[in-house]
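Please consult the sequence and the model shown here.

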Amino acid sequence: MQKEVFGPGTTITVQQGGTARPVKIGTEIVPLLNLGAGVPPTKRTADGEIVFVGYGLQMANPKRDDFAGLSLQGKVVVVVNGAPAGVDSAKRAELEGQAAISQRLALIIPQRPAAVVILLAGKGTELFEQSAPQLERAVALRSNAPEVPESERQIPMIMLGIPVVGSPLLPTGWPADDKAQVLSGRRFTARIEQVKTPITGYNVAAVVRGSDPALNQTYLAFGAHYDHVGVIQPTAETRSQTART
């Protein structure tokens with residue numbers, strides 16, 4: 001197995017008015033380097049003007065097109081994975097959900113941006129808080145495959161973050177100003193260095209025998225794994241499943 005962390009050469013900044021403002025990994029933003037088995041690796045460098053595409057919506061009712069009139073090629077595209085004011089609770093939950101991330105990427109990536117920054121709003125902030133530590137300090141199976149050169153990586157840099165008032169990734173008037181727009185004078189620059197260190201992984205098993213004379217010969221299995229997301233808050237659904245078990 002191998003441990004994967006961001007190296008000292010990792011830098012993420014937004015330049016505005018001659019000043020470079022660092023964007024903090026882990027608290028403000030985190031690179032998404034692995035999109036899953038069989039998916040090509042993302043780029044590790046990005047540089048471009050910031051274009052904010054609002055909530056990345058193309059809707060007929062109410063009519064809204066957050067991509068109208070904007071060129072995204074070669075730009076750093078910032079999109080909020082959330083819902084505008086006035087959306088009912090069911091639609092809001094859908095637009096803040098994890099599945100909506102893939103839907104927004106499917107609209108943006110074909111336009112060949114330099115990078116995509118997805119800001120998780122509403123309930124999505126919980127996903128960021130759970131995912132950020134795992135993405136900062138990942139553990140994966142060791143691979144002997146050669147590193148893909150940056151020039152051969154076709155998928156742009158992808159990052160997750162959360163929308164914070166005053167962030168250089170958002171319009172100055174956010175959240176009141178949520179319209180899609182070019183953030184004039186702001187330039188995003190990032191370089192991700194990943195350090196991979198071989199480690200030894202262990203399988204651990206234990207049996208805790210119960211005291212009930214009838215049930216202590218039966219088993220209830222609990223499992224965990226290295227890339228687990230950590231402790232999450234129970235929901236009505238998970239409590240119901242536990243009760244049935």
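Q: What is the volume of the second largest pocket in this predicted model?
A: The model is predicted, and its second largest pocket has a volume of about 310 Å³.

Q: Which residues lie nearest the centre of the second largest pocket?
A: Val208, Thr218, Tyr219, Leu220 and Ala221 lie nearest the centre, within a lining of 13 residues.

Q: How does the lining of the second largest pocket divide into nonpolar, polar and charged residues?
A: Eight residues of this lining are nonpolar, three are polar and two are charged.

Q: Why are strand 2 and strand 3 called paired?
A: Pairing requires at least two bridges between the strands. Strand 2 (residues 11-16) and strand 3 (residues 19-22) have four bridges, in the antiparallel sense, and therefore count as paired. The bridge partner of glutamine 15 is alanine 20 in strand 3.

Q: What do strand 2 and strand 3 form, and which residue in the turn has a positive phi?
A: The two strands form a hairpin with two residues between them. In the turn, glycine 17 has a positive phi of about 60°.

Q: Which residues of helix 2 are buried?
A: In helix 2 (residues 99-108), the buried residues are Ala100, Ile101, Arg104, Leu105 and Ile108.

Q: What covers the buried residues of helix 2?
A: The covering elements include strand 8 (76-81), helix 1 (89-96), strand 9 (115-120), helix 3 (124-136) and strand 11 (157-161).

Technical notes: Residues are numbered from 1 along each chain as its sequence is written. This is a predicted model: local features need pLDDT of at least 70, side-chain atom pairs count only at pLDDT 80 or more; totals for chains, interfaces and linings use all residues. Side-chain values use heavy atoms; hydrogens and water are left out. On a 1 Å grid over the protein atoms alone, a cavity is a set of points where a 1.4 Å probe fits but cannot get out, and a pocket is an open set with protein on both sides within 12 Å along at least five of seven lines; lining residues have an atom within 4 Å of a point. Grid points are joined across faces, edges and corners, and a volume is the space filled by probe spheres set on the points. Ala, Val, Leu, Ile, Met, Phe, Trp, Tyr, Cys and Pro count as nonpolar, Asp, Glu, Lys and Arg as charged, and the others, Gly among them, as polar. Buried means under 20% relative accessible area, exposed over 50%, partly exposed in between (1.4 Å probe, protein chains only). Contact means heavy atoms within 4.5 Å.
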